Amino acid sequence: MGGKPSKVTAQDKAILDLKSQRDKLHQYQRRITLLTDKETDVARKLLARGDKKGALLALRRKKYQESLLSKTDAQLEQLEKLTANVEFARIQKDVVFGLQQGTKVLKEIHAEMGGIEHVEKLMGETADAIAYQQEVSDMLGGRISNQDEQEVEDELAALQADVAGESKELPSVPIARLPGRQTDAAQKSAEPTEPERPNMLAA
């Protein structure tokens, strides 16, 4: 389903009427041009027959049609200018409306930012924080000598080596054998043997 048709305003109708009048004037100009050409042919034919009076009348009609054509040109020029001005005025209206909406949105953004005073205050606080950090860095840099700085770097390198060594060490594997289940032969060998009984039947 298509969208709702756009509403035709009074301005749209006015522009449409102007264009309609312009088109009618163009059609009228074409008809007059045909009539002037026709009157010229009529005058030529009448002169060929020797009718000078009739030819003169035809040329007068042609002259009158040409005067109407000249007036139509002036009216058409005014009508086209008016149509162009109306259309341009509508474009200007849309531009002004767009500027108003843009200005409104810009003001809302500025309000969300807290205004110019808030931005200036924030910039000042940021500059103060940067200056304070730089001051601390300068103080620390002035208190620590080059030798102390070298010792600090050496200590840092040693700590890094210790940390790297600890991460590489693995837990040691126990060497002693774990108690396991003895085999049957081992169990038999471990059992105490009974003393051999003397043979009572021996003589």
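Q: Which residue forms a salt bridge with Asp41?
A: This is a predicted model, in which local features need pLDDT of at least 70, side-chain atom pairs count only at pLDDT 80 or more, and totals for chains, interfaces and linings use all residues. Residues are numbered from 1 along each chain as its sequence is written, and side-chain values use heavy atoms, with hydrogens and water left out. A salt bridge is a side-chain nitrogen of Lys or Arg within 4 Å of a carboxyl oxygen of Asp or Glu. For Asp41 the closest N and O atoms are 3.2 Å apart, and the partner is Arg44.

Q: In which helix do Asp41 and Arg44 both lie?
A: Helices (H or I, at least four residues) and strands (E, at least two) are DSSP runs, numbered from the N terminus. Asp41 and Arg44 are three residues apart, about one turn of the helix. That helix is α1.

Q: Is Arg44 buried or exposed?
A: Buried means under 20% relative accessible area, exposed over 50%, and partly exposed in between (1.4 Å probe, protein chains only). Asp41 has a relative accessible area of 39% and is partly exposed. Arg44 has a relative accessible area of 53%, so Arg44 is exposed.

Q: How many salt bridges does a search of the whole structure find?
A: Besides Asp41 with Arg44, the side chains of Asp23 and Arg22 meet in a salt bridge at 3.7 Å, N to O. Another is formed by Lys19 and Glu87 at 3.0 Å, N to O. The search of the whole structure gives a total of six.

Q: How many residues apart in sequence are the parts that Lys19 and Glu87 tie together?
A: The side chains of Lys19 and Glu87 meet in a salt bridge. Lys19 lies in helix α1 and Glu87 in helix α2, so the pair ties together two parts of the sequence. Lys19 counts as partly exposed at 29% relative accessibility, and Glu87 counts as partly exposed at 29%. The separation in sequence is 68 residues.

Q: What distance separates the end C-alpha atoms of helix α1?
A: Helix α1 covers residues 10–48, which is 39 residues. The expected span is 1.5 Å times one less than the number of residues, so α1 should span 57 Å. The end C-alpha atoms agree with that, being apart by 57 Å.

Q: Which helix do the buried residues of α1 pack against?
A: The buried residues of α1 include Ile15, Leu18, Leu25, Ile32 and Leu46. The buried residues of α1 pack against α2.

Q: Which residues does Gln65 touch, leaving out those up to four places away in sequence?
A: Gln65 is found in helix α2, residues 52–113. At 17% relative accessibility, Gln65 counts as buried. With contact taken as heavy atoms within 4.5 Å, the residues touched by Gln65 are Ile32, Leu35 and Thr36.

Q: Which backbone oxygen lies 2.7 Å from a polar atom of the side chain of Thr36?
A: Thr36, in helix α1, counts as buried at 7% relative accessibility. Neighbours within four places aside, Thr36 is in contact with Lys62, Gln65 and Glu66. A polar contact is a pair of N or O atoms within 3.5 Å; within protein, one must be able to donate a hydrogen and the other to accept it, and residues adjacent in sequence count only if both atoms are side-chain atoms. The backbone oxygen at 2.7 Å from the side chain of Thr36 is that of Thr33.

Q: How far apart in space are Thr40 and Ala55, C-alpha to C-alpha?
A: Thr40 has its place in helix α1, and its side chain reaches the backbone oxygen of Thr36 at 2.9 Å. Thr40 and Ala55 are 15 residues apart in sequence. Their C-alpha to C-alpha distance is 8.7 Å.

Q: What share of the 203 residues in the protein chain is buried?
A: The protein chain has five helices and zero strands. Among contacts between residues at least 6 apart in sequence, 75% join residues at least 24 apart. Of the 203 residues, the buried share is 9%.
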